[in-house]
Amino acid sequence: VIPQTMCLPLSRMFGEGLYGCVAGKTAEFTIQARDCHGTELDTCDPELVVVVEDSLGNTVRGKYADRGYGLYAVTYKLTKAGNYNLSISLHGTSVQFQGTCEPGPTHVPSCVFKCDPEHGRIRSDEEAMISITRKDAYGNQVFATQGLTSFVAKVTGPGPASAQVIETINGSCSVNFSAHLAGLYRVHLFGGKSKELLPGCPIAIQLSASSADVDSAA
């Protein structure tokens, strides 16, 4: 049988990039060109088009390189985590794949926090809770399955204070702050091996005397 032009449905496609990728990292898969009889070809068809659509509907074109012997090496890169569709088209015929883009590693400058109470004012018999949401460099939330960057809290203020970091099940963490001496405290949050300061820190917490403290002082 004399090999003919490339037939997309009978061509072989393989590689991790068909079904998954990591945000910000180049994904790759391979196509082995075959004709309509299933015979492997020695050349590739330059009309091949690869389009990847992310979970927001944004599309990127895949790039491919002819490796010879009918092999394509196809690469693409996504930045939005979530499910995506990968379409390979040739001469009006297409093959579809579905994959999942995982968040990249935690990027401390992209992480965000929220203080409860938001105004940062508590009494000496109360606690303030600071929740930290881990994000990658593209703003995707990082969950526990991606591996977690540790955070530490340091407090400055007029007296001893406790700021314990507690991990939660969804990959976020919280800092429980408490102190007894009234005054202004500042909580500094550091993340990663290099101990980068979380943007927006320090967090100001104004501690006032509780009603029991006031009564005992009277």
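This is a predicted model: local features need pLDDT of at least 70, side-chain atom pairs count only at pLDDT 80 or more; totals for chains, interfaces and linings use all residues.
The largest nonpolar core holds 26 residues, of which Met6, Phe29, Ile31, Tyr76, Leu86 and Ile88 touch the most other members. At least two residues of this core come from each of strand E3 (27-32), strand E4 (49-53), strand E7 (71-76), strand E8 (82-90) and strand E9 (93-102). E8 supplies the largest share, with 4 residues. When residues up to four places away in sequence are not counted, Met6 is in contact with Ser11, Ile31, Ala33, Arg34, Leu41, Asp45, Leu48, Tyr72 and Leu90.

Most residues other than glycine have a negative phi, and most peptide bonds are trans. Exceptions of both kinds are described here. The peptide bond between Asp116 and Pro117 is cis, with omega about 5 degrees. Pro117 lies in the loop between strand E10 (112-116) and strand E11 (121-123). A cis bond also leads from Cys201 to Pro202, where omega is near 5 degrees; Pro202 belongs to the loop between strand E17 (196-197) and strand E18 (203-208).

Tyr69, although not a glycine, has a positive phi of about 60 degrees. This tyrosine is in the loop between strand E6 (63-68) and E7, and Tyr69 is exposed at 67% relative accessibility. A positive phi, about 50 degrees, is also found at His91, again not a glycine. His91 is placed in the loop between E8 and E9 and is exposed, its relative accessible area being 57%.

The model contains 4 aromatic pairs. In one of them, the ring centres of Tyr19 and Phe97 are 5.7 Å apart and the planes stand at 80 degrees, so the pair is edge-to-face. Tyr19, in the loop between strand E1 (12-14) and strand E2 (20-22), and Phe97, in strand E9, are 78 residues apart, and their pairing links distant parts of the chain. Tyr19 is partly exposed, with a relative accessible area of 49%, whereas Phe97 is buried, at 14%. Tyr64 and Tyr72 form another edge-to-face pair, with 5.1 Å from centre to centre and 80 degrees between the planes. Here Tyr64 is partly exposed at 30% relative accessibility, while Tyr72 is buried, with a relative accessible area of 1%.

Charged side chains also sit over rings. The charged end of Arg12 is over the ring of Phe14, 4.2 Å from the ring centre. Lys154 lies over the face of Phe190, at 5.8 Å from the centre of the ring.

Note on methods
Residues are numbered from 1 along each chain as its sequence is written. Side-chain values use heavy atoms; hydrogens and water are left out. A nonpolar core is a set of buried Ala, Val, Leu, Ile, Met, Phe, Trp, Tyr and Cys residues joined through side-chain atoms within 4.5 Å. Buried means under 20% relative accessible area, exposed over 50%, partly exposed in between (1.4 Å probe, protein chains only). Contact means heavy atoms within 4.5 Å. Rings of Phe, Tyr and Trp (its six-membered ring) pair if their centres lie within 6.5 Å; planes under 30 degrees apart count as stacked, over 60 as edge-to-face and the rest as tilted. A charge sits over a ring if NZ of Lys or CZ of Arg is within 6 Å of the ring centre and within 35 degrees of the ring normal.
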